[in-house]
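Let's take a walk through this model, stopping at a few places where side chains meet. Have the structure open and follow along.

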Amino acid sequence: MSDFSISDTVQAVLSVSPQKWLTEGDPVTLICEVNSSSTGWTFSWYTLTFSSGNNHYKLLSDSSRGAGGNYIVSSAALNHTGVYVCRAERGEPAYYTTISSKQLLWVTGVSPPVSLIISPSRTQHFTLVSLSLSCEDQSNSDRWRVRRYTGSGQWEDCSSLRRASQTGSTCTISSINTSDTGVYWCQSESGENSHPVNITVHPDVILESPVHPVTEGDTLTLRCLYQHSTPPNLRADFYKDGSLIQNQTTEMIISTVSKSHEGFYYCKHPERGESPKSWISVRASYRTSRSEGFNLMIIGVTAGLTVTFLIIVILVLLWRNRHNKGSSSAITI
């Protein structure tokens, strides 16, 4: 008789906070929950690999995190990139939930050697239009290929998609549809990667937002666009993380972006409907980074000078003490 059973009705649900697309050093948390009111669950996390068309689950070595259901990575590294699932268990003998749906976690370096250029330059696109994706580096090399990850957990070359062709480092999809939604990036034969871009294809309403992260201090402009409308940008409401932040406007402008503006945005028209959500990432400006580095240098120099001064004072006191003892011993009574 088996020492455990698996339920088809009690399911594990995996989510990622704050987002799936990370730069080295960012924190991230995988959250595993159970769609059941019962308690006493413990959780395990797995990475997913593909071989001969089959899925293989590898248990993470530090997977056992107790009843909290959170797998915390305080500082993401490149090797954290992968597809993750979770499962919960309770009781003795063990009673398991189903395996959760797959979640992609992607970590790239601070300055990747290549960038993915998208035309039209936005992350959301209407159906039945042409989409161009190009890999650009400083040497204009054609050693890069555009790749895609789908929600079903498959990796594939862009050129293998229907209606797609690749010339050099550029992949062109002649007429996109909703099945072309996915994560796209540039990859070399040696495995180097660009920052990924989450592209969404939608038939009616889309949010026009930047493809790449916005720098602190820059201006951010968001627009709500409609496929069958003249003019294409009617008045709409704009939301961040589910909360209304601006209503009945053709575009939303944030004149000076800060880290607090990072989040999920979408727009909604009372008759046409709402767009998909897009994550807006905000990175520190070069000036801010340089200022922080300069401040750290000043602190380091100050600390060094202070320690040096204290050492000199101690040496002087020791010398004076030794000198005084020598003078005392030379006195004859």
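Which side chain meets that of Asp-180 in a salt bridge? It's Arg-163, at 3.0 Å from N to O. Keep in mind that you're looking at a predicted model. Asp-180 sits in the loop between S16 and S17, and Arg-163 in the loop between S14 and strand S15 (164-167), so this pair ties together parts that are 17 residues apart in sequence.

Looking beyond residues up to four places away in sequence, Asn-177 touches Thr-127, Arg-163 and Val-201. As for Thr-127, it is 50 residues from Asn-177 along the chain, yet their C-alpha atoms are separated by 4.7 Å.

Now for the other charged pairs. Side chains of opposite charge can pair when their charged atoms come close. Nine salt bridges turn up across the whole structure. One of them joins Asp-157 and Arg-147 at 3.1 Å, N to O. This pair links distant parts of the chain, with Asp-157 in strand S14 (residues 155-157) and Arg-147 in strand S13 (residues 145-149), ten residues apart. Another joins Lys-240 and Asp-241 at 3.0 Å; here Lys-240 is buried at 18% and Asp-241 partly exposed at 45%. There is also a network in which salt bridges with shared partners join Arg-122, Glu-208, Arg-223 and Glu-251.

What about the nonpolar side chains? In soluble globular proteins, they tend to be buried together. The largest nonpolar core here has 21 residues, and Leu-30, Phe-43 and Trp-45 have the most contacts inside it. Strands S1, S3, S4, S6, S7 and S9 each supply at least two of its residues. A second, separate core has 20 residues, among them Leu-131, Ala-164, Ile-173 and Val-197.

Finally, head out to the surface. Ile-311, Ile-314, Leu-315 and Leu-318 make a nonpolar patch of about 400 Å². Leu-315 belongs to helix H1 (residues 286-329) and is exposed, at 53% relative accessible area.

Key. Residues are numbered from 1 along each chain as its sequence is written. This is a predicted model: local features need pLDDT of at least 70, side-chain atom pairs count only at pLDDT 80 or more; totals for chains, interfaces and linings use all residues. Side-chain values use heavy atoms; hydrogens and water are left out. Patches are made of residues with over 30% relative accessible area and no salt bridge: like charges are joined within 9 Å, nonpolar side chains (Val, Leu, Ile, Met, Phe, Trp, Tyr) within 5 Å. Accessible areas come from the Shrake-Rupley method with a 1.4 Å probe; for residues, only the protein chains shown count as cover. A salt bridge is a side-chain nitrogen of Lys or Arg within 4 Å of a carboxyl oxygen of Asp or Glu. Helices (H or I, at least four residues) and strands (E, at least two) are DSSP runs, numbered from the N terminus. Buried means under 20% relative accessible area, exposed over 50%, partly exposed in between (1.4 Å probe, protein chains only). Contact means heavy atoms within 4.5 Å. A nonpolar core is a set of buried Ala, Val, Leu, Ile, Met, Phe, Trp, Tyr and Cys residues joined through side-chain atoms within 4.5 Å.
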